[in-house]
Amino acid sequence: MTTESRSHIRWFRNTAPYINAHRGKTFVLMLGGEAARDPNFPNIIHDIALLNSLGIRLVILHGTRPQIAERLAAAGVEDRYHNGVRVTGADAMVHVKDAAGALRVQIEALLSMGLPNSPMQGSRMRVCSGNFITAQPAGIVDGVDYHFTGRVRRVDADAINTHLEGGSIVLLSPLGYSPTGEVFNLSLEDIAVHASAAIGADKLLLFGAEAGISDDDGALIRQCAVGEVKDLAVGDAGQAALLATARRACQAGVPRCQIISYRDDCALLEELFTHDGSGTLVANDSYEQSRTASIDDIGGILELIEPLEQSGVLLKRSRELLETEIRQFRLLERDGRIIACAALYPFHDEACGELACIVSHPDYRGANRGQRLLEELEQEARRQGLTAVFVLTTQTAHWFIEQGFEERSRDDLPGERQALYNLQRNSKVFFKTL
Ligand SMILES: CC(C)(COP(=O)(O)OP(=O)(O)OC[C@H]1O[C@@H](n2cnc3c(N)ncnc32)[C@H](O)[C@@H]1OP(=O)(O)O)[C@@H](O)C(=O)NCCC(=O)NCCS
């Protein structure tokens, strides 16, 4: 077998935990009209087929903005906006329905493909669309009548869930129907937020032109808590809009929103089946903020770690030592209380770092908070250019093994750390390559 085949097989094996984690979960995919006309769109459809065959319940929501603009221009109908929202007169509405209908049919056709020797072979997907969204008119704002531009009034979550239960993919267009029998032009983002929350989606995947959200220096932000979103300065209007939608969805109760690229043919699978993902994750942990510790947190950290120092699980740290090392600590705070902490001590010469003092409060165990902090510190270690992390432990060996650590000899520790090794504690040494 070639080395390449072996590495494919190894990669496939490593996806098992993700496949297990995603099975039976509900994902909403928001694909704007730009995504639908991108050359990569057929690849996204192929990946959707794969997700469907892995038992993921899928709702696809497509947009039509550029398609509508094109139709209006061709027909010589004025494309009017007020406060960034399209004003849909009766003459424009004809083209809105046209654009939505045409794209819906095109997506249904793509999802029906099944040619031999294509990724769709044998996929046999069932697609349902219908009157799942009830709309109301946006009305008159600042004296401007929005006519057939509407707002989401209700989502028929039961109907959507019944179709998902039956194994179908639900396809939503940015249109809604009113009890008066009219059709309204809705914003894609509004439907994404309302529908994901109403059906209890586990994830909302938002497709944008870029890989995700980037910071001032253009570096990709891998993840952020919903509470941190408002502090991010995002220059690009498209990225800012996606981030705002992710934030709204999280606030409406969707646990995770992930912003990824529709141009990159690997982005969707990389996001779902690799540790680091490809884009930006916005997580709904509005009650729990993760942050670097400051001097004011020392009392809270001591309260958390003292019982474990007394039982010998952790090495004793004095208040003075904590004060000098406080910036190495990361913590989780809930309602003003520190409920978990962990520290990273880099050894730059050896390109590795020690993880220490990983503790979650006994009242808050059972939700993998320790794991969350561990992952964040591993990410920080990577950011600092470290290639491995290690821990010394006496009673928590199995937990670290389950987090991907391997036992090594004490001699593998950086020299400086070996000199400090406490023989009496006889701790085991575990390493994890990043
Ligand atoms: C290790 C620790 C930080 C994990 O915190 P957490 O992510 O909140 O952990 P949870 O309570 O959600 O437990 C996650 C899993 O790890 C297991 N686990 C916890 N401590 C363990 C240990 N010492 N050995 C083996 N498994 C352990 C739990 O049983 C649970 O498994 P399950 O999901 O199969 O039931 C937490 O258990 C802790 O604070 N322990 C005491 C301090 C400690 O030992 N720190 C390490 C110092 S080197």
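Trainee: In this predicted model, at about what angle does helix α4 run to β2?

Mentor: Helix α4 covers residues 41-53. It lies across β1, β2, β10 and β13. Its angle to β2 is about 155 degrees.

Trainee: Which residue in β2 stands opposite Leu-31?

Mentor: Strand β1 spans residues 26-31, and β2 spans residues 57-62. The two run parallel, joined by six bridges. Opposite Leu-31 stands His-62.

Trainee: Which strands stand at the edges of the sheet?

Mentor: Eight strands form an open sheet with mixed pairing. The order is β5-β10-β2-β1-β13-β15-β16-β14. Two strands each have a single partner, so one side of each is left without a neighbour in the sheet. They are β5 (127-128) and β14 (223-225).

Trainee: How far apart are the end C-alpha atoms of helix α13?

Mentor: Helix α13 has 15 residues, 369-383. At 1.5 Å a residue, the helix should span 21 Å. The model agrees, because the end C-alpha atoms are apart by 21 Å.

Trainee: Which residue just after α13 takes a positive phi?

Mentor: Within α13, the buried residues include Leu-373, Leu-374 and Leu-377. Just past the helix, the phi is about 85 degrees. The residue is Gly-385.

Trainee: How far is a polar side-chain atom of Thr-396 from an oxygen atom of the ligand?

Mentor: Among the 20 residues around the ligand, Thr-396 is one of those that come nearest, along with Ile-358, Ser-360, Gly-366 and Gly-370. A polar backbone atom of Ile-358 is 2.6 Å from a ligand nitrogen atom. A backbone N or O atom of Gly-370 lies 2.7 Å from a ligand oxygen atom. For the Thr-396 side chain, the distance to a ligand oxygen atom is 2.6 Å.

Notes: Residues are numbered from 1 along each chain as its sequence is written. This is a predicted model: local features need pLDDT of at least 70, side-chain atom pairs count only at pLDDT 80 or more; totals for chains, interfaces and linings use all residues. Side-chain values use heavy atoms; hydrogens and water are left out. Helices (H or I, at least four residues) and strands (E, at least two) are DSSP runs, numbered from the N terminus. The expected span of a helix is 1.5 Å times one less than its number of residues. Buried means under 20% relative accessible area, exposed over 50%, partly exposed in between (1.4 Å probe, protein chains only). Two strands pair if DSSP finds at least two bridges between them. Contact means heavy atoms within 4.5 Å. Axes are lines fitted to C-alpha atoms, for helices over the stretch in contact, and angles run from 0 to 180 degrees between N-to-C directions. A residue is near a molecule or strand if one of its heavy atoms lies within 4 Å of it. A polar contact is a pair of N or O atoms within 3.5 Å; within protein, one must be able to donate a hydrogen and the other to accept it, and residues adjacent in sequence count only if both atoms are side-chain atoms.
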